[in-house]
Amino acid sequence: MEYKQIGNAEIPVLGLGTWEIGGRFEADHSQKQNSIEIIKQAIELGITHIDTSEIYGNGFTEELIAEAISSFDRKKLFITSKVWSNHLNYDATIKALHSSLKRLKTDYLDLYVIHKPGKDMDLKGTMEALGHLNEQNLIRAIGVSNLTEQQISDAQKFLNNSRISAVQNEYNLLKRDEEIIELCNKNDILFIAYRPLKRGQLAKPGIPLLDRLAKKYNKTQSQIALNWLISKPKIVAIPKATKKEHLQDNLGSIGWKMEDQDYEALDKINQ
Ligand SMILES: NC(=O)c1ccc[n+]([C@@H]2O[C@H](COP(=O)([O-])OP(=O)(O)OC[C@H]3O[C@@H](n4cnc5c(N)ncnc54)[C@H](OP(=O)(O)O)[C@@H]3O)[C@@H](O)[C@H]2O)c1
């Protein structure tokens, strides 16, 4: 595994996404044992960043993660959770964090993220709550997701003694927002790319440039797509996988480089 800097801590370049592990917006108990197993396998393979949210499986995903991580040294894990859009005010955010900690059976989160803005969002109150939780050491870092550039700048202004350490947005070969990347680079904010495989679309043949580079480097399409992402200085990715062979395949994106001209071609894939 390779790591990047987030604030004063380190985060693996590849984490495990957990959307739909344990359900979508409602708990789904049908795959419970398999889900716990895949999270354990990911950690054993070195994927020690687990990304979740209070909304995934309506809290059940956090409970599955608690079971999966119970046999590991908590200090060696990087656990991210997110506060959903109906809890974006001071009191509700504090309460939501304590509920997540309880479900995850941990006494702190490595990163706590505003999941997405909602119509009743009180950004000032929410950021003040996050600042307070950070001062109490209940959350080691603060992040935001799906916010506009203006909202990110405003959010930072509402923090007094702490800062935004991470932005989590969709970013992959087919979906980019270079302005947010620039904002992150300028402000030393880590960018966490969600949906890095475009829900699996980038992990199969069918995109000519990906297919050509996969052949050239003797790699899979997902390895090319993820290597392109993590080759960028301040970007890490959180692909979701529910099969061990997918976890192993994705890990094969680490530790090698393509020629500059190929990264440039990938940068321009959509133009
Ligand atoms: N902040 C937000 O609003 C937000 C929004 C969306 C997602 N996220 C986070 O980002 C994570 C990742 O996004 P995502 O789950 O939407 O999509 P994704 O990671 O781009 O794609 C996941 C899909 O790719 C497949 N896959 C993974 N590795 C593969 C491989 N090597 N070969 C073939 N198929 C492979 C998975 O299949 P299998 O399951 O069969 O292995 C799954 O169907 C989420 O789980 C969640 O934690 C956050």
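An axis here is a line fitted to C-alpha atoms, for helices over the stretch in contact, and angles run from 0 to 180 degrees between N-to-C directions. Glu62, Glu63, Ile65 and Ala66 of α2 make the contact with Ser100, Arg103 and Leu104 of α3; two residues are in contact if their C-beta atoms, placed from the backbone, lie within 7 Å.

This is a predicted model, in which local features need pLDDT of at least 70, side-chain atom pairs count only at pLDDT 80 or more, and totals for chains, interfaces and linings use all residues. Residues are numbered from 1 along each chain as its sequence is written. Helices (H or I, at least four residues) and strands (E, at least two) are DSSP runs, numbered from the N terminus.

Here are the helix pairs side by side.

| Helix pair | Axes | Angle |
|---|---|---|
| α1 (residues 32-44) and α2 (residues 60-69) | 9 Å apart | about 55° |
| α7 (residues 208-217) and α8 (residues 221-230) | within 8 Å | roughly 100° |

The α7 and α8 axes cross at roughly 100°, which makes α7 roughly perpendicular to α8. Leu210, Asp211, Leu213 and Ala214 of α7 touch Gln221, Ile224 and Ala225 of α8.

On the α1 side, Lys32, Ser35, Ile36, Ile39 and Lys40 meet Leu64, Ile65, Glu67 and Ala68 in α2. By class, this contact has five nonpolar, one polar and three charged residues. Ala, Val, Leu, Ile, Met, Phe, Trp, Tyr, Cys and Pro count as nonpolar, Asp, Glu, Lys and Arg as charged, and the others, Gly among them, as polar.

Now for the strands. Eight of them form an open sheet in the order β3-β4-β5-β6-β7-β8-β9-β10, with parallel pairing; two strands pair if DSSP finds at least two bridges between them. β3 (16-17) and β10 (235-237) stand at the edges with a single partner strand each, so one side of each is left without a neighbour in the sheet. The partner β9 (residues 190-194) pairs with β10 over three bridges in the parallel sense, and Phe191 stands opposite Ile235 in β10.

Finally, the ligand. It is surrounded by 27 residues, the closest being Gly17, Trp19, Gly200, Ala203 and Lys240; a residue is near a molecule if its C-beta atom, placed from the backbone, lies within 6 Å of it. Helix α9 (residues 244-251) gives the largest share of this shell, three residues. The shell divides into eight nonpolar, 11 polar and eight charged residues.

Technical notes: Angles under 35 degrees count as roughly parallel, over 145 as roughly antiparallel, 65 to 115 as roughly perpendicular and the rest as oblique.
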